[in-house]
Amino acid sequence: MKIENIILYRLSLSLKSPFSTKYGTVKDREFLLLKVKDETGAVGWGECVAFDAPWYTEETVDTCEYALKHFLIPFLKGKKVTHPRETTKLFSFVQGHSMAKASLDLALWDLYAKKLGKPLGKVLGGTASKISSGVAIGISDEESMIQSIDRYVKAGYKRFKIKIKPGHDYEVLKKICQQFPDLPLMADANASYTFTDMSLLEQLDTLNLMMIEQPFGKDEFFQHSELQKVLKTPICLDESITSVEKAYQAIQFKSCKILVVKPGRIGGLSPSLQIHELALKHHFPLWVGGMIESGVSRAHNVALASLPGFTIPGDISASDRYWRRDVVKKGIKVSDGHIEVPSESGLGFFIDEPFIDQIATKKEEF
Ligand code: OSB
Ligand code: MG
């Protein structure tokens, strides 16, 4: 594939209702979309999932746009790419900027699958025809959280992730457990605890949660392994898993028992496939994490989640979890707690280009 043309869109979607974590509240979701075209006119789409401020990762929409416009896009334009697996090596002349790199990696995978005339899931090695869908519940008052859970239970969701932070943890989770005794429930701490919170974490251990996601800071592999020795609840790492190397570190240090893979955050599907291979080898279960993303990134996530190592329902909810109207036509649907893995070529969801053109605040062609 010779990359002849790249279009960068910048756009924003308003969430149906704000989503809060210990970092703050997201009301409007700004993001980038990349449309990559080769010499035959075939196109691939990728999304850049960085946020407008550096609360969750160092990268932001602005830093990604900068890295893409000044380094990654000019480098890729005119290049011949034989296989999208090459992106990690190809983009290694830029340090970091994994989310910017991911957006092009994702577009190249879509393009490659479309050229083969095969669904992206199959091209990645996926075997499932449908995936189980999970949902994340933001921090809010107890009453509203219970109401949302109730709504998503009725919609059939298969896993419920509750955001927690100090002062908003054990009591809320206990109430949820009492209200919904058989719920597949987990908690995401978003790195908000330290080793001095041991007694609280041991209290959470009595709730029989599926897992506790990222209790400590992203670099605390040692502290997580000490904690995992004490807890019977599996620890699952999210923020810590920024690359294949970090996933290997988490496995070898026994810092957790489960790994989250977020293609849009770690450099794309190419490193995600390497983590998948590693996890299969070491018998570590995986799930695909969410970034409050549009249907483009969601479609890549669905394809990845169809691989055999993804044995736990991830954060892949329906488009209507967050959006009134998604940038993919018809949106991504959850039915009876499942999302069908498309059988059409590439992403398998149709991009709503007129809608993107209508709402884009920026469209630049390279
Ligand atoms: O920590 O998993 C996280 C959203 C934004 C940034 C980080 C996280 C999240 C979520 C929501 O938990 C996942 C989703 O529904 O997309
Ligand atoms: Mg998380």
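Throughout this tour, buried means under 20% relative accessible area, exposed over 50%, and partly exposed in between, with a 1.4 Å probe and protein chains only. This is a predicted model, in which local features need pLDDT of at least 70, side-chain atom pairs count only at pLDDT 80 or more, and totals for chains, interfaces and linings use all residues. Residues are numbered from 1 along each chain as its sequence is written, chains are lettered from A and ligands numbered from 1 in the order in which they are written, and side-chain values use heavy atoms, leaving out hydrogens and water.

**Stop one: helix α5.** On one side, E143, Q147, R151 and K154 are exposed. Now pick M145, I146, S148, I149 and Y152, which are buried. Looking down the axis of α5, you will see its buried residues within an arc of 160°, so they line one face of the helix; the arc is that of the directions from the helix axis to the C-beta atoms. Their cover includes β5 (134-137), β6 (159-163) and α6 (170-179), where contact means heavy atoms within 4.5 Å.

**Stop two: the magnesium ion (ligand 2).** Show D188 (OD), E213 (OE) and D238 (OD), its protein donors, at 2.1 to 2.3 Å. Donors are N, O and S atoms within 2.8 Å of the metal (3.2 Å for Na, K and Ca); water is not among the atoms, so sites may look incomplete. In sequence, the donor residues follow D-x24-E-x24-D. E213 sits in strand β8 (residues 212-213) and D238 in the loop between β9 (235-237) and α9 (244-252), 25 residues apart. Both E213 and D238 are buried.

Key
Helix = DSSP H or I, 4+ residues; strand = E, 2+ residues; numbered from the N terminus.
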